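Me: I would like to learn how to read a protein model. Please take me through it one feature at a time.

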Amino acid sequence: MRGELEVLAKLEELAQGGLEGAAYLRKKEGLLPITMATRPGPLTKWPWQWMGNFKYLFLAPAVLHTVHRVTTKGWGDLDPAYVTMLPALLLRMIHNQIWISLSRYQMARRKNVIVDRSIEFEQVDRERSWDDQIIFNGLEFYLAYAMIPNVRLLPVWRTDGAIITVFLHMGPVEFLYYWFHRALHHHFLYSRYHSHHHASIVTEPITSVIHPFAENVVYFMLFSIPTLTPIFMGCGSVLGVVLYIAYIDFMNNMGHCNFELVPKWIFKAFPPLKYLMYTPSFHSLHHTQFRTNYSLFMPFYDYMYNTMDKSSDDLYEKSLKVTDETPDLVHLTHMTTLQSTYHLRIGIASIASKPSDNPVWYSWMIWPVAWLSMVLAWVYGSSAFVIERLQMKKFKMQTWTIPRYNFQYGMNWGRDSINSLIEKAILDADERGVKVLSLGLLNQAKALNRSGELFITKYPKLRVRLVDGSGLATAVVLKSIPLGTKKVFLSGSTSKVAHATAITLCEKGVQVIMNQKKEYDMLKSRLPEGRTVYLKFSNKDIPQIWIGDNIDDKQQQRAPIGATFIPTSQFPLKKIRKDCTYLSTPAMKIPQTMENVHTCENWLPRRVMSAWRIAGILHALEGWETHECGDDMMDIEKTWTAAIKHGFVPLTKG
């Protein structure tokens, strides 16, 4: 690896030529991902970084003090400033999350996108600490309350104080920030601090607050000028402070969105506004061109000091013209548990970037919101919505989600409404010119629509190909069975994949044992006459390898020590045996050429995709013209060969 000094020197040279910043260079040169500044200086780390998610304990004394004060003196003893502090912190977090979800939704649609590049797990991990500055501000609020007597006497509103705040921001704050920001781009400070922020070429709203601790201290001092000055002058107010902080959050989030949302009519109605308010495309150029557009929120100083990027207006116009994208493939999935709302890409980034079976400590706190979102989705969810956009070279993919949950798919009276939602999504994809639509999770349930056969029967002239992915899923299950296996146990199952797996094993001379007579008779009738000898009905012969869709607790207890459970379903098995091995649901690792992957697919690890979803990708890449629905299944070896050819890698070797 070449030294950091050499890299930084090259960065300076490239920056002068208008190329992208630190993250681009590091990726190009094959260097390690940036998790801190390239050469961390003093006070780079946050004081509570070592505490992980327990960092919120720093606010515990303030919360306990509030509780004690209320219980001993009652609500009447609380002044407006004290009452506002904790709710203001919570509202800031909600405000930021709304921006995150909105930005990711627009990115998935690719509407008005500014920088057409991908976001990866590295960036999500680096930016998961976006709440640090809110904790820091909370401590600052309580410290100011304790040290400045005037704060306790603040009225709810003072117009004169608000006007002073506006002028102090337009003057000292914007001016000082501009020159401080330019100083941060000097080699010395950039390498020790600001490079951490510029590691994100494709910005998200929360990128705006991802800075080393020392930078945030300076920003706090700057933003204290418009908030504390009116208080010391005797004309400050609670709403004046709250609204100013809300303004900072709003502009920060908006400016770091990777889509343009400021309409042209605003600047036409009031032309001077172009000097007083930046746009997302304006600030995006600072992250890609590096040496231009330094202003905080008001581009006035960039115009004054000739650091305005000449392409700002052109990029703004161009971004507003970008419309929704038509993908080559749509994967149609649905929500699973109540908490899966947060696991969507448009949900909470830190949760979505980990497998859904990796619970977070605060999940119980957000459960009521999850329940409310389920009710709203049930009542108002009238169509599938876009949650994700992936790309593999020139091949474009989107994920659409049906606004329904697992338990709703099990309700007989709700099947027609769910099928209507699926049908609407299929027809929408067909009208837009999508080549392939893969049915994920329960959207292909046999009891619901017979693996999609219902729709191709109803619409025989469908141009979009429907794929249930059973061929590749069967191939993955077969490849997961250890080489040399002589017999397997098939737990009672009626799924297409389980039956295809059992039939293929019998054809290869592997004995398949079952203990449910009805399923045994059904499967035996489908076997070639010369292969029925390899299908055995027995309650006593229990081998080491178990396959099936739903191997319940009672069945798992019958398995011998060291048994291997291989699910044939899209849903994982419940792990109750520590002395047995549980394999993943049929899935494969995705190729490095697949970009914009920064969330986990349900319970699967990072950069692992379910076989059913991969099957749709292969269908589109190979240009196969057939549907894979109902009893029809793609050739198992053909799909497996195509998966390997396109760079998909098995999780286990048989």
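Me: What does UniProt list for residues 217-246 and 364-387?

Reply: This is a predicted model, where local features need pLDDT of at least 70 and side-chain atom pairs count only at pLDDT 80 or more, while totals for chains, interfaces and linings use all residues. Residues are numbered from 1 along each chain as its sequence is written, and side-chain values use heavy atoms, with hydrogens and water left out. UniProt positions follow the numbering used here, feature names are shortened, and annotations may be inferred rather than shown by experiment. The unreviewed UniProt entry gives both stretches as "transmembrane region".

Me: How much helix and strand is there over residues 364-387?

Reply: Helices (H or I, at least four residues) and strands (E, at least two) are DSSP runs, numbered from the N terminus. Residues 364-387 are 58% helix and 12% strand, with end C-alpha atoms 24 Å apart. Residues 217-246 are 87% helix and 0% strand, and there the end C-alpha atoms are 19 Å apart.

Me: Is T279 buried or exposed?

Reply: Buried means under 20% relative accessible area, exposed over 50%, and partly exposed in between (1.4 Å probe, protein chains only). T279 has 7%, so T279 is buried. T279 sits in the loop between α12 (273-276) and α13 (280-289).

Me: Which residues is T279 in contact with, leaving aside neighbours within four places in sequence?

Reply: Contact means heavy atoms within 4.5 Å. For T279 the partners beyond those neighbours are E260, V262, F267 and Y316.
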